Structure formats: structure tokens, C-alpha cells
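Here is a short briefing for a first look at a protein. Please view the sequence and the model first.

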Amino acid sequence: MPSGDKSSYTDKQKRKAQHIAEGYAERGLPEKEAEARAWATVNKDSGGGNKSGSGRGKPESHGSARRGGKAAKRPAADRSAAARKGWETRRRNAAT
């Protein structure tokens with residue numbers, strides 16, 4: 001199998017890579033770099049191609065998907081205020 005051949009990937013993995021690449025491109029990365037990072041992310045999550053004959057059945061880690069999320073989209077000041085509020089609540093509850 002030549003380098004760059006995606007025939008051993010499932011349709012779901014190909015869709016996932018396409019979606020991730022679009023997200024990187026929206027952030028301003030060049031198309032080739034976005035595609036390379038997308039496939040690296042898919043490989044990290046699933047361990048490579050999962051079609052028959054290529055180690056099918058390996059579990060997906062979804063580790064990359066856990067990065068970011070709604071909390072990361074909030075401004076730093078909001079996150080900091082929430083952390084201070086939580087600390088004050090824990091301190092007050094510990095005193096009683």
C-alpha cells in the first residue's frame with residue numbers, strides 16, 4: 001500500500017477526517033496542513049485504518065475530541081470568575 005493510501009480507512013473515519021480538516025481550514029490553516037492534521041487526529045483516535053485486514057476492532061480513544069469544548073470557548077475572565085466563585089463556595093462550606 002503506497003504512502004497516503006486511505007483505502008484501509010472506514011467511511012466513518014474518512015468523514016471524520018474531512019470534518020476535522022474543514023475546522024482547521026476555517027481557522028486559517030493551509031489546505032494540505034489541515035488535511036495532514038486531520039488524518040493525524042483520526043489516527044490518534046482510532047489507531048489507523050479499521051477496514052477488514054487492517055486490525056479491525058480496535059477501540060477508539062476519542063482523546064482528541066475531549067480537548068476544547070464549550071468551556072474553552074468562554075472568555076478567560078468568565079472562567080476565572082467561575083473558579084473564584086467555586087473556591088469561595090468550597091471555603092464557606094468547609095467553615096460551617
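Among contacts in the protein between residues at least 6 apart in sequence, what percentage join residues at least 24 apart? The figure is 43%, where contact means heavy atoms within 4.5 Å. This is a predicted model, in which local features need pLDDT of at least 70 and side-chain atom pairs count only at pLDDT 80 or more, while totals for chains, interfaces and linings use all residues. Residues are numbered from 1 along each chain as its sequence is written, and side-chain values use heavy atoms, with hydrogens and water left out.

**Overall make-up**

- The protein has 4 helices and 0 strands. Helices (H or I, at least four residues) and strands (E, at least two) are DSSP runs, numbered from the N terminus.
- From the N terminus on, the order of elements is α-α-α-α.
- Of the 96 residues in the protein, 21% are buried. Buried means under 20% relative accessible area, exposed means over 50%, and partly exposed lies in between (1.4 Å probe, protein chains only).

**How α1 meets α2**

- Helix α1 spans residues 11-26 and helix α2 spans residues 31-46. Their axes come within 8 Å and cross at roughly 135°. Axes are lines fitted to C-alpha atoms, for helices over the stretch in contact, and angles run from 0 to 180 degrees between N-to-C directions.
- α1 and α2 are therefore oblique to each other. Angles under 35 degrees count as roughly parallel, over 145 as roughly antiparallel, 65 to 115 as roughly perpendicular, and the rest as oblique.
- The crossing of α1 past α2 is right-handed. That term applies if the near helix is turned clockwise from the far one by less than a right angle, and left-handed applies if anticlockwise.
- On the α1 side, the contact residues include Ile20, Ala21 and Tyr24. On the α2 side, they include Ala34, Ala38 and Thr41.
- The residues of this contact divide into 9 nonpolar, 3 polar and 5 charged. Ala, Val, Leu, Ile, Met, Phe, Trp, Tyr, Cys and Pro count as nonpolar, Asp, Glu, Lys and Arg as charged, and the others, Gly among them, as polar.

**The nonpolar core**

- The largest nonpolar core has 9 residues: Tyr9, Ala17, Ile20, Ala21, Tyr24, Ala34, Ala38, Trp39 and Val42. Such a core is a set of buried Ala, Val, Leu, Ile, Met, Phe, Trp, Tyr and Cys residues joined through side-chain atoms within 4.5 Å.
- α1 and α2 each supply at least two residues of this core.

**Residues to look at**

- Ala34 sits in helix α2. Its relative accessibility is 2%, so Ala34 counts as buried.
- Not counting residues up to four places away in sequence, Ala34 touches Ala21, Tyr24, Ala25 and Leu29.
- Thr41 counts as buried because its relative accessibility is 14%.
- Beyond neighbours within four places in sequence, Thr41 is in contact with Ile20, Tyr24 and Ser64.
- Thr10 lies in the segment before α1. At 18% relative accessibility, Thr10 counts as buried.
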